[in-house]
Amino acid sequence: MNASRLIQTVLVGAFLIGLYFVSLFYPGGLDGPQSFMVTNGPVAAQQKTVFWYTVGVSLFLMVAVGGVFLYAIFKFRAKPGEDFKVPEQTHGDAKVELALILFSCALLLVIAIPNAKALFYVDKVPAEHQEKAIKVVAIGHQWWWEFQYPDLGITTANELHVPVGVPIDVEVRSADVLHSFWVPRLAGKMDAVPGQINKMWFQADTPDKYYGHCTEYCGDSHANMRFFVMAEDQDTFDKWVRNEKKDAVKPASVEEVNGQRLFMQGCNSCHAVQGAGAMGVVGPNLTHFGSRTSLGAGLFTNDTEHLTKWLEDPQGMKPGNLMNLEQVNMVLSNSDVKNLTAYLQSLK
Amino acid sequence: MATHTDVVTTPAHAPAALPVGEPGILGPRPTSPTGVWDWLTTIDHKKIGIMYGLFALAFIVLGGIEALLIRVQLAIPNNNFLVGDIYNQMFTMHGTTMIFLGVMPLTAAFFNYVVPLQIGARDVAFPRLNAFSLWVFVAGAVLINLSWFLGGAPNGAWVGYAPITSPQFNVGHNSDFWIMGLLVLGVASVAASLNFFTTIINMRAPGMSLMRMPVFVWMTLITNVLILLAFPPITIALVQLLMDRTFGANFFNYAKGGMPIMWQHWFWVFGHPEVYILILPPMGIVSEILPTFSRKPLYGYPLIVFSGAFIGFMGFAVWSHHMFTAGMGVVAVLAFSITTSIIAVPTGVKIFNWLGTIWGGNLRTETPMLYALSFIAMFSIGGFSGIMHSAAAADYQQHDTYFIVAHFHYVLIGGAISGLLAGLSYWFPKITGRILNEKLGLAAFWTFFVGFNATFFPMHILGLNGMPRRIYNYEANMGFNFWNMFVTISAFILAFSFLLFFINMAYSFFKGKVAGNDPWDGRTLEWAISSPPPVYNFEAIPEVTHLDDFWHKKQTGQPMPTANGQLIHMPGASYYPLVIGFGMFVMSLASIYLTDNMLAAGTGAVVGFLILLFGIYGWALEGPGGEMLDPTKERGAYN
């Protein structure tokens, strides 16, 4: 091996090892808000356990096979001037092959057993917890999530409130195309398939705002179909439930009254505001819109600035979304936007 | 019926059996020996192979440009370069182009060029059908890409999951181009698969039993069986979707009793074997290169062959592992999880035997060997992440994240493309008569190796960190920023490596070192003949007595047989494959517009069909054509 070859090999080797090393230990590399390497619930934890089994087996194989491979490459390189020497000819050895095959099968069992156990565990809420589980129906729409609590009589959107330590029994459905319900820190995903009721469950162990994302390609704004799971202690959750059950607050200021009137002249055909007579089911239920932290399916902070921008140009804020004002010939003046903003923000 | 490969002992016997040179009732066959018409009408498997290769490389460049545009958009959070639908078109076309127009035809290029040479044949079984496959492939490829100029490219992702491609959710003709294009490409693939299957079964040199076939021929055989069995399901699915879109049927419309999930089953019953259609040929190529450059026979030849067949078979038993999260129920998930992990065993067997091949060898590390070694390493990494997905419980998290993107690019670029570049470097001297420049080749290889790993390894991290696939933007607080920028820069390095490879091909084509017949001291029959081979390939068909027969002949000092006054019948060229390809193109293009204007589009489709019909009649009636060659007189022209 000549010097430049050696330098080349060392450089590439150093680069690869460096790359793999930096990848794994780069700060923030594996603990983003959507990382499933950080888990906060039993379902995600089980799935991560299986993941580590697969990593263990793979790393073992990688080191063993990779070691033999690298050793062979360096050990058996042709010496200068002996390029065309013919080495001893071997054709294979049945015993070695058989041993390797049996060994591979055994390695697969190491993964298969925890995998099977985890699959049955994450399939449905364990029997002993079934009574206290809260039922949720998650319905995927282009491009937002509708969340219904059938036992509590609540319908909300994009922010799923749950109490910590309680299993959440989720029915995943779709209103149009395929979507997938995924909150990585709490549980693996489940697809929303039109005409099909898919079940999954999760449980949050610590109060937090957990990030979720639709993970089945669903069209123009697939990238913008985000949501949150707001895990709270039982008291906060109960308080939230009591508030959600109420009708929308009555408009108080002049702006809010004007906003409501405007809302009932068009927005109501797609959006519901319980108690105000708006009963649209195409878009998110806005009865308690003002109490949500985000806007446009987890895209923006729910504040005056973003809400104003949204009302002025929903297509620019979220390409392709079904709130297309030009299509329905709806023209909003500046004061209209201001009134609507005030009204919507009052819907705590 | 006599075939064109008959060797006639004396010219006197020829005319009765083979009316060589007589025009059919539609006029004489084309005879240009060179130039554009020669290439357009050729039925020589070598020229067709070269054209497949050039088209495939052009589409790999196109798909690569699409990939770079995707990476530019993802370089920084909330970028505005390609937003919404146009981004979706870009990744749909990137996947479709790379799989159907890039890697598949590149493997077809090797089937065409190499298989007849390796089995000691003069051409494939049906030379005109071979040209037909090529031109129908070109028609389908052009059709899909025309969509960019006719209202927008397909935007349903390469899997086209209904109902996102159903008429209710996908207005415009984007998906129609995709459907028609894939249907046309399917015709080309199935015709080619029948052709290669017949060629390999029927046209091997005397003495070449199945277990004396080179492994590349074996993998070609298995791949073509897979194509034959896998394309009908996708064709059915595409026709159903076509019915939904064009004639208001409801196969995938849930609101009218259709069943969206059926699309996924149809698609993956095709789609998973398709993965092996892409990877088995490069495995075959690597199994040719490793023994040649280790100067040892392939370790465990029968095991490599049977594990290839087993992988192909199991390919039909694992499709639902793409659907673990589609709500199939825990028993189905577990069953497919187990069948999937079983595939790791034959794959492992192949890797062990490749290691056994280089173990104790005398390795020459020229570029073909480097790409082959890179294939083993990178494919193994893709295999390891494959084992990770096979555990369904873990896959619930990994599914549709960048972890998956990393996995299949390790398999398809680190695996398939590495293997195909190995093949290109290996057979370039046979095809052009000149060896690729080694210095440029090394530069291209190391840039490829570094660029590839730097592009795709960090995607594992992005996936574990929760970055979903097929999104065009992400927030700055997600922890995706650093690696996305890193990946984008690396993608340009990877692209540069391809540029170097192409520069090397162009340079070496004109200025490369002359190869001679056998530059690598090869083991299989193609190295016994001149580079490039004469039109009839072998002066006289050799008698095969061993696996790696040419190596055996060289080691024992047996010469290859030469011609002794025997004449070789070579088939004539034909216009009609091209005509049929054109007719199919017109017909499918017009059909796309049936929903807009039934009369005009219908007329166009009928015209296309008539052209097609004319082509078929012309084909049937043009007569055998061809000529009798005397290899002893031709010899000077090729050496």
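The bend at a residue is the angle between two fitted axes, one through the seven residues ending there and one through the seven starting there. The exercises below concern a predicted model.

**Exercise 1. Where is the kink in helix 4 of chain B centred, and how many residues of this helix are buried?**

Solution. 
1. Begin with the extent of the helix. Helix 4 of chain B covers residues 85–118, which amounts to 34 residues.
2. Compare its span with expectation. From first C-alpha to last, the helix reaches 47 Å, close to the 50 Å expected at 1.5 Å a residue.
3. Locate the bend. A kink of about 35° is centred on B:Met98.
4. Examine the surroundings. A residue counts as buried if 20 or more other C-beta atoms lie within 10 Å of its own. Of the 34 residues of helix 4 of chain B, 30 are buried, so the helix is largely enclosed by the rest of the structure.
5. Inspect what follows the helix. Just after it, B:Gly120 adopts a positive phi of about 70°.

**Exercise 2. Which helix of chain A supplies the largest share of the side that touches chain B?**

Solution. 
1. On chain A, 86 residues are in contact with 82 residues of chain B.
2. List the contributing elements. Helix 1 (3–25), helix 2 (42–75), helix 3 (94–123) and strand 7 (187–192) of chain A each provide at least two residues of this side.
3. Identify the main contributor. Helix 3 of chain A gives the largest share, with 15 residues.
4. Classify the residues. The side of chain A that touches chain B comprises 46 nonpolar, 28 polar and 12 charged residues.

**Exercise 3. In what order do the three strands of the open sheet in chain A lie, and which helix packs on the sheet?**

Solution. 
1. Determine the order. The three strands follow the order 4-10-9, with mixed pairing.
2. Find the edges. Strand 4 (159–163) and strand 9 (208–213) of chain A each pair on one side only.
3. Note the twist, which averages 25° from one strand to the next.
4. Consider one pairing. Strand 9 and strand 10 (residues 226–232) of chain A are antiparallel over six bridges. Within this chain, A:Lys209 stands opposite A:Met230 of strand 10.

**Exercise 4. Which residue is the bridge partner of A:Glu171 in strand 8 of chain A?**

Solution. 
1. Identify the strands. Strand 5 (residues 168–174) and strand 8 of chain A run antiparallel and are joined by five bridges.
2. Read off the partner: A:Glu171 is bridged to A:Lys199.
3. Strand 8 (residues 198–202) of chain A is mostly covered, with four of its five residues buried.

How values were computed. Residues numbered from 1 in each chain as written. Chains lettered and ligands numbered in written order. Predicted model: local features only at pLDDT ≥ 70, side-chain atom pairs only at ≥ 80, totals over all residues. Expected span 1.5 Å × (residues − 1). Buried ≥ 20, exposed ≤ 12 C-beta atoms within 10 Å, placed from the backbone. Contact = placed C-beta atoms within 7 Å. Nonpolar A, V, L, I, M, F, W, Y, C, P; charged D, E, K, R; others polar. Pairing = 2+ DSSP bridges. Axes fitted to C-alpha atoms, helices over the stretch in contact; angles between N-to-C directions.
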